[in-house]
Amino acid sequence: VAPVAAAASVLLVVGIGVAVAGQLPGTGSTAGSSAGAIAPHRYYVEAGLEGSVVVRSTATGAVTATVLDPEPNYSGEAVVASAGNGTFFVAGDRHQTGQERIYHFRLTGSGKVTGFSPVPGGVLRAGQLADALAVSPDGSQLAVGVSFYIVHPKSNKLYPPGPSDQIFVINTATGARSMWRGGMHALGSGFGVASLSWTGDGHELVVLGQWCSYTSDSDETCLAKNARRNAEVWALDPASRGGRLASGHLLLRQSARYPYIAQAFISPDGSTITAIVLTGPVAGSKAARGQVPGNMSVPQISVATGRQLGVLYSRRLGSTWEVNSSPDFLALIPDGAGQHWMIDGGIASHGYDGFNGWIDNGHLVPLSPRNGRAATETW
């Protein structure tokens, strides 16, 4: 739970300090200064791969409360976000109706859930899934990245492909919506929302979009062997009340310097992007080729110049041939104050070492349990 001093802060904004900006790359280990690291928050909210959402103790991993608990064999996933003042938002199919809904709730000082209720205007249509959530600094607006899937009429399971993603912003008091969609066809036929964040004044909504052609086996996550992926970071003006994605302005694009941008978040003053960037050759195995470049880093990048200011953490991923939903198995999550970062590296498999924890002075402090079953999480 974020401290009271961070009550006006928001998940998915970044606080950049002078010392952090000059930090050297990490080693990918838990050694050194992280051995006695003190967790910045007592509890975190975890969304599992099967649609469940629970509250866990940061220190022990013990479940202190259950938010969503779908039936066994449920195939959906939930998404969570923090408003930075002990209030959380979650998108999921609580009653397995085939429609996701967005809820909000608060955590008590003992890690229990209180005030669980639907968000006005937060019902998604059948076949729509929330990819990402981000709350404006004052809590009045909730940005939602939505993907479209085909619903099988008999099994009620969701299958790609569908139309390109869209982004809408919900007024959390009235339920009124603004929507952005289209205008990016030159980069590929399928647009997907990889991450969302807000500037500190709430005047810009920043989107990391990714594009590639659809195939029978993949959607915007670019799993196809010969799929060509593009990624760009754009800023939208919420005051425009919707429009085309191209109505915003470009902040950062995938390039030779940043060849594979998997996550990206804006700082409160709009000057810095913190990202997950993948570089180097794709690591595979004798069984099959890998899916993404094998070197991962968390750099901080100047919006004005595109220059890298520092690196919070780095590691070697290893073979990713058995990892699903590339690059969506990688998640970077700031806390409500934007000062502490969680990072989720997906499920361990043959040749791939999954990881899950928070970054402390260039090292990873693992979170328990370490079974890689989390889809996303937040403080």
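The largest nonpolar core has 21 residues, and among them Ile276, Met296, Val298, Leu317, Leu330 and Ile343 touch the most other members. At least two residues of this core come from each of β18 (261-266), β19 (272-282), β20 (293-302), β21 (308-316) and β23 (341-344). A separate, second core of 17 residues includes Ala132, Leu196, Leu205 and Trp234.

A nonpolar core is a set of buried Ala, Val, Leu, Ile, Met, Phe, Trp, Tyr and Cys residues joined through side-chain atoms within 4.5 Å. Buried means under 20% relative accessible area, exposed over 50%, and partly exposed in between, with a 1.4 Å probe and protein chains only. Strands are DSSP runs (E, at least two residues), numbered from the N terminus.

This is a predicted model, in which local features need pLDDT of at least 70 and side-chain atom pairs count only at pLDDT 80 or more, while totals for chains, interfaces and linings use all residues. Residues are numbered from 1 along each chain as its sequence is written, and side-chain values use heavy atoms, with hydrogens and water left out.

Let's look at Ile276 and a residue it touches. Leaving out residues up to four places away in sequence, Ile276 touches Tyr260, Ile261, Ala262, Gln263, Met296, Ser297, Val298, Leu330, Ala331, Leu332 and Ile343, where contact means heavy atoms within 4.5 Å. Ser297 lies in strand β20 and counts as buried because its relative accessibility is 16%. Beyond its neighbours within four places in sequence, Ser297 contacts Ala275, Ile276, Val277, Val311, Tyr313 and Ser314.

Next comes strand β5 (residues 87-92): six of its six residues are buried, so this strand is largely enclosed by the rest of the structure. Thr87, Phe89 and Ala91 are buried on one side, and Phe88, Val90 and Gly92 on the other. In the hairpin of β4 and β5, four residues lie between the strands, and Gly84 takes a positive phi near 80°.

| Strands | Bridges | A facing pair |
|---|---|---|
| β4 (residues 79-82) and β5 | four bridges | Ser82 and Phe88 |
| β5 and β6 (residues 101-107) | six bridges | Thr87 and Arg106 |
| β9 (residues 141-148) and β12 (residues 166-171) | six bridges | Gly145 and Ile167 |

Strands β9 and β12 also belong to an open sheet of four strands, with the order β8-β9-β12-β13 and antiparallel pairing. Its edge strands, β8 (128-135) and β13 (177-180), each pair on one side only.

Notes: Two strands pair if DSSP finds at least two bridges between them.
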